[in-house]
Amino acid sequence: MTGLVIVGHGTRSAAGVDQFAALVDRVRRRGDTGDVEGGFIELSRPPLTDAVGALVGRGHRALVALPLVLTGAGHGKGDIPAAMAREQRRHPGLSYRYGRPLGPHPLLHTALEERVDAALAGADRAGTFVALIGRGSTDPDANAEVAKVARLLWEGRGYAGVEPGFISLAEPSVPAVLERLRRLGARRIVVAPYFLFAGVLPDRIVAQSAEFAAAHPDLDVRVAEVIGDCDALADLVRERYAEALGGDIRMNCDTCAYRVLMPGFADKVGRPQRPHDHPDDPVGHHHHHGHDHDHHHQDQGSVAVVGGGPGPDDLITVRAKALLDAADVVVVDRLAPQGLLAGLRPDVLVVDAAKVPRGPSMAQEAINAALVSHAKAGRRVVRLKGGDPYVFGRGHEEVQACVAAGVPVTVVPGVSSAIAAPALAGVPVTHRGVAHDVTVVSGHLPPGHPDSLVDWAALARARGTVVLLMAVDTIAKIAAALIEHGRAPETPVLAVQDAGQPHQRSVPARLDEIGAVAARADIGPPAVFVLGPWSLLRPPGPLTDYSLRAVSGPVTRSSSGSVEAMTPRQAANPTTTIT
Ligand code: SAH
């Protein structure tokens with residue numbers, strides 16, 4: 001029989017987790033839905049990946065995945081399918097049929113009626129209004145489902161009235177719906193949470209109801225239990241399982257804001273559903289609170305491969321900084337902006353990528369493995385790199401490793417030293433009428449090296465700008481090769497070391513002298529060499545240092561300290577050094 005994985009969202013409430021587990025057990029004991037496992041997409045144990053892993057381990061290659069949600073909102077439409085897609089990447093060949101949300105369904109309405117009755121404890125229905133409180137969503141269809149259930153709960157059951165309300169994201173709020181019922185003349189109100197299991201939000205319904213009751217002593221306000229683990233729910237799970245197996249899913253997509261233009265929701269139509277934060281939900285904003293890693297995002301970890309810019313704290317992008325602020329783990333390179341590490345929350349784990357075991361390929365494998373394992377443990381990982389991650393940064397190797405492991409991964413481009421280091425030293429890599437091309441070259445392997453992929457002869461023929469990275473040890477050989485292939489020996493070269501740092505310095509030389517000049521000036525990494533027609537240009541005056549550091553203190557500058565290393569022509573035009 002086809003295996004069934006029951007997928008929950010996860011909760012911080014231990015009682016809620018127990019109720020979920022009890023329901024999974026109940027379904028399993030009945031034995032009419034095949035092999036059953038339950039798992040959560042975040043916050044709680046076991047994670048979905050364990051549940052799917054167990055079923056796959058027992059030989060299942062086709063599953064029914066049933067989202068244990070009451071309405072078709074973000075978790076059912078987006079988050080759970082995304083989590084299942086990750087499982088499919090993890091288990092090639094795995095297929096699954098997706099069940100539809102549980103409600104509305106008569107079994108649920110009857111269960112709700114029983115919870116309301118229990119709260120009434122014999123008091124009469126005709127004198128009772130019910131406030132049915134849903135979770136609330138930015139998806140109007142999901143909110144409409146709660147309104148529909150409220151109406152169906154009213155029909156034929158003899159209550160004075162049933163009004164829908166929401167604990168989060170949608171109106172009316174709990175106090176608002178209670179006030180509405182009070183004005184309708186209600187004397188007794190049962191607040192019925194339209195929730196499967198205990199959790200933070202049902203607790204909040206209780207608290208807000210108690211507050212309203214305290215402010216209105218003339219009202220009899222009672223709160224019913226959540227639906228909880230029960231036979232009716234197990235019956236419904238079985239029904240949804242059979243429905244999915246039969247390929248008989250009748251979703252009502254006619255009022256789905258992602259398919260149909262609805263007034264006020266034009267931003268959704270035609271777009272994929274995207275996970276979003278619930279503003280007043282502790283889950284969505286977990287990273288802004290002090291937190292406990294063991295209870296967060298059990299299988300919702302992710303990796304962001306982030307460019308940190310050339311070094312100063314304030315040459316990182318806004319997006320990169322936001323991801324850094326939200327990170328649980330930061331794996332950092334030596335050339336990344338170290339100053340930003342001081343601003344991380346004290347509980348953030350900082351891994352120094354330079355300290356992983358020796359041997360370059362080994363090191364990269366160890367870094368990849370660290371990214372994947374932290375993400376799989378549910379953490380938000382930022383891989384912070386110098387410059388741009390895709391410019392000689394091995395960023396794509398890390399992205400590929402994450403993709404191969406089924407870990408969600410994103411790339412954030414950065415300000416590359418290839419462009420920024422020359423700029424910070426006053427050299428534009430292009431200029432109208434002067435340089436119409438710029439080539440960024442790795443000098444890691446010298447010309448003639450069997451593994452070199454660079455066409456040095458072609459570079460020598462080009463007329464524009466060449467920026468060499470990782471070339472401190474090879475610059476003399478590179479210069480010789482370029483001259484040999486026809487580049488003019490007097491072509492100006494500027495070595496820029498520690499660009500953006502207070503100790504940034506730059507040393508100019510002719511192409512045929514740069515090797516000796518750089519060695520004498522003791523140019524060391526990190527440095528770029530920019531060669532080309534840039535010497536035709538001079539900054540109109542001293543460059544202004546707009547870095548945050550400069551803003552907070554006086555800006556001092558001096559001309560290059562290595563004028564003695566310049567050729568006469570260049571000495572006439574010393575490069576400005578910002579100190
Ligand atoms: N991804 C990085 C480059 C990594 S390769 C980027 O986009 O900037 C490392 C090389 O970058 C160094 O050898 C050096 O050539 C250059 N580099 C990085 N930071 C630098 C800095 N602040 N000043 C000068 N060169 C730098």
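Visitor: What makes F20 count as buried?

Guide: This is a predicted model, and in it F20 has a relative accessibility of 4%. Buried means under 20%, so F20 counts as buried.

Visitor: Why is the pair of F20 and F40 called tilted?

Guide: Look at the rings: they sit 4.3 Å centre to centre, with 40° between the planes. Centres within 6.5 Å make a pair. Stacked needs planes under 30 degrees apart and edge-to-face needs over 60, so 40° leaves tilted.

Visitor: What parts does that pair tie together?

Guide: F20 lies in helix α1, residues 14-30, and F40 in strand β2, residues 36-40. The pair therefore ties together parts that are 20 residues apart in sequence.

Visitor: And F20 with F197, why is that pair edge-to-face?

Guide: Here the ring centres are 6.3 Å apart and the planes stand at 85°. The centres have to be within 6.5 Å and the planes over 60 degrees apart, so this pair is edge-to-face.

Visitor: Where does F197 sit?

Guide: In the loop between β7 (188-193) and α7 (200-215), 177 residues apart from F20 in helix α1. F197 is buried, as is F20. Ring pairs link F20, F40 and F197 into a cluster.

Visitor: What sits over the ring of W154?

Guide: The charged end of R151, 4.9 Å from the ring centre. The distance limit for that is within 6 Å.

Conventions
Residues numbered from 1 in each chain as written. Predicted model: local features only at pLDDT ≥ 70, side-chain atom pairs only at ≥ 80, totals over all residues. Heavy atoms only, no water. Phe/Tyr/Trp six-rings, centres within 6.5 Å; stacked < 30°, edge-to-face > 60°. Helix = DSSP H or I, 4+ residues; strand = E, 2+ residues; numbered from the N terminus. Buried < 20%, exposed > 50% of the residue type's maximum accessible area, 1.4 Å probe, protein only. Lys NZ or Arg CZ within 6 Å of the ring centre and 35° of its normal.
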